[in-house]
Amino acid sequence: MKDKTKRKLVPWLFLTPFLVLFIIFMAYPTIYSIVISFTNFRAGKFNFVGWANFKFVFNDATFLKAVGNTFILMLIQVPIQTFLCVVLANFLNIARLKLKGMFRMLSFTPVLIDAVSYSIVFSLFFSNDPASLANTALGLFGVQPVEWVNMVWPARILLVIAVTWRWTGYNSIIILGGLQNISHDLYEAAELDGAGPVKQFFAITIPSIKPVILFSVVLSVTGTLQLFTEPNLITSGGPVNSTLTIVQYLYNTGFKAFSYGVASAGAYVLAIMIAILTFIQMRVTKEKD
Amino acid sequence: MNKSKKTAAGVYMVIPYILLVIVAIVSVFPLLWVFFAATHTNTQIYQTGMAFALGGNIVENYKNLMEFSNIWRNLANSIFIAVVYTVLVCLIDSMAGFAFAKFTFKGRDTLFFVLTCSMFIPQQVTLVPLFIQLSGMGLINTLPAVILPSLTNIFGVFLMRQNLMAYPSDLLESARIDGAGDLRVFFTIVLPTMKPVLASLAILSFVQMWGNYLWPLIALNDRDNFTVPLVLALMRAPGQVVDNGAIMLGASMALLPVVVFFLFFQKNFIQGILSGAVKG
C-alpha cells in the first residue's frame, strides 16, 4: 500500500519544477492581470474601477488606431508570406534539385539575427536618404527617392517587407515538412490516371499540406498581432501613429505612462482577438474537409 | 522524344533555381552587410556601395561602442541569460514531458488541457503583473528576472512529450525491476536517447532568448545589466547621437556566436522547426 502511494507521487516529482514555475510565472500573473484590468493604480494602491479601463480602451482613438494598423499589417503581410512560403517550399522539395541542403539552410538564415539588429539594418536600408539601398534600387527603375518613414503607406510597406524577409524561410521549412510527409504513391497513381503536374498540385499537394499551412498561418497571424520590435525601431510607430501596433500601445501605456489597469485591459482585448482569430482559422479549414 | 522531354524538364528547372538563388541572396545579404558595416563610418553606412568592401573604421567604432556601454559585459549578460535559460528549459521540460508521456495519474488530462489553452494566451497579458511581482521579489533589474518568467515554455513540454511517448515502456519497467530509482532511470537511461530532440529544443530556445527584446526591456533598466540587443536599441533612442558604425559592430558581436552555433548544429535546427510544426 505504502509502495503504491509512493508510485503515485512519481509523476508529480517530474512535474514539480515545471508546475511551480508555471503557477508562479504564468497562471498567477494571468489571473492577477484580470484583477488589475478592473482597477486603477494610484499612489501605490489598486482601486476597483469596474469596466472603466475597458471602456477607456474602446473609446481611446490611439488604441483603435493601433488595432486598425495591426490588422492592416496582418492582412497584407500574412497572405503575401504564405503564398511565398508555399512556392518556396515546393521548389525546395523538387527531387532533382541540386544543392538542396544549402538552399534550405540559406533560406532561413534571417531568423538567426536578433530582432533588434535586423530592425536597425532595415531602417538603414530603407532610410529617407536618397542614397539609401532601397532608394538607390528604386532609382535604377527611374523612381524618385521615397521618404520611407515619413509617409503612411511606405512606412507600412517597409514593415511588411521586413517581417516577410524574416519569417518566409522559417515558415517554408514548416511547409516543407508537410510536403515531405506526402506519400509518393499518391503522385504515381495520379500520373497513371493521366493527371498533369498542375492538377496534381491542386488535387494532391495543396490538400495534403493544408494542416501545415494552417499552422504557419496561425503562427504568422499571432506573430503580426504581437508586433513590437520592428515598428518600435524602424518606424517608431510613425508617421503620426500610422504604424503604431497594439503591443506598442500596451508598452507605452503600461511602462511609459504606468497606467497598469489600461495596459492589462488592452492586453486582454488582444488575447481575446487572438483566441477568436485562431478559432476562426481552425473552423474554416475544418469545414472545407 | 525522350531527349526533348528531358530538355523541357531542364528548362522548367531554371525557374526554381533562379528563384532559390534570389531567395538565398536576399536572405543572407543583410547578415553579411552587418559585418561589413561594422568596419565603416557612420556616413559611409548611408552610402550603398560600401556593402561590398571592408572599411577602415573598426577601431574607431569599437572605441565609440565601448564609450557608450561595456559591450563585453553586455555580451556576457546575453550569454549568461541564454545559456542558463536553455539548460533549464531542456531539463524542466523534458522532466514534465516525461510525466505526461509515461505516467497515468489523476488530473493528467485536465492539466494537459490547461497547458494547451495557456499556449494561446499572448505573453503581453502577463507583462504588468510580472513586473509588479518581480519588483516585489526584488528581482527587477537582475538577470534572473529575464530568465524566470520565460521558463514556462509549454512548447518544450509538448515537444519532449511527443518524443518521449515513443520510448518503449518495457525498457522502463525492466530498469525499475532492477531497482533503479525513477529519477536515475530517467537521467541515465531515457534522457541520453533523447539527444537529437534535446539539441533541437536547445537551439530554438537559445536563439529565441538571444534575440528577446520586449521583456528584457521591461525587466532590466541598468545599462550594465543590459543584453546586447537592448544596448543597440538604446544607441538609437531619441536624443542619442547615432553612430551606426558602432551599432553595427555591436550587432555583429551578437550575430557571430549564433552563426557559428548554427553552422555546427544546422541539422538539429531544421529538425526542431519541423518537429514543432508536424507534431506540435
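So, running from the N terminus, the elements of chain B go α-α-α-α-α-α-α-α-α-α-α-α-α-α. That comes to 14 helices and zero strands, where helices are DSSP runs of H or I with at least four residues, strands are runs of E with at least two, and numbering starts at the N terminus. Keep in mind that this is a predicted model: local features need pLDDT of at least 70, side-chain atom pairs count only at pLDDT 80 or more, and totals for chains, interfaces and linings use all residues. Residues are numbered from 1 along each chain as its sequence is written, while chains are lettered from A and ligands numbered from 1 in the order written.

Okay, the overall form of chain B. Its C-alpha trace spans about 80 × 70 × 35 Å along the principal axes. The radius of gyration is 24 Å, well over the 19 Å that the globule rule gives for 280 residues, so chain B is more spread out than a compact globule. That radius is taken over C-alpha atoms, and the rule is 2.2 Å times the number of residues to the power 0.38. Of the 280 residues in chain B, 42% are buried, meaning 20 or more other C-beta atoms, placed from the backbone, lie within 10 Å of a residue's own.

Next, how many residues does each chain bring to the contact? Chain B brings 67 and chain A brings 72, with contact meaning that C-beta atoms, placed from the backbone, lie within 7 Å. On the chain B side, H14(B) gives the most, with 14 residues. That side divides into 53 nonpolar, eleven polar and three charged residues. Here Ala, Val, Leu, Ile, Met, Phe, Trp, Tyr, Cys and Pro are nonpolar, Asp, Glu, Lys and Arg are charged, and the others, Gly among them, are polar.

Now hop over to chain A. The axes of H7(A), residues 152-180, and H9(A), residues 197-225, come within 9 Å and cross at roughly 155°. These axes are lines fitted to C-alpha atoms over the stretch in contact, with angles from 0 to 180 degrees between N-to-C directions. That crossing makes the two helices roughly antiparallel, the word for angles over 145 degrees. Residues touching here include A:Trp167 and A:Gly178 from H7(A), and A:Pro211 and A:Phe215 from H9(A). The contact has ten nonpolar, seven polar and no charged residues.

Last stop, H11(A), residues 246-256: among its buried residues are A:Tyr249 and A:Leu250. Just after H11(A), A:Phe258 takes a positive phi of about 55°.

Technical notes
Angles under 35 degrees count as roughly parallel, over 145 as roughly antiparallel, 65 to 115 as roughly perpendicular and the rest as oblique. Two residues are in contact if their C-beta atoms, placed from the backbone, lie within 7 Å. A residue is buried if 20 or more other C-beta atoms lie within 10 Å of its own, exposed if 12 or fewer, and partly exposed in between; C-beta atoms are placed from the backbone.
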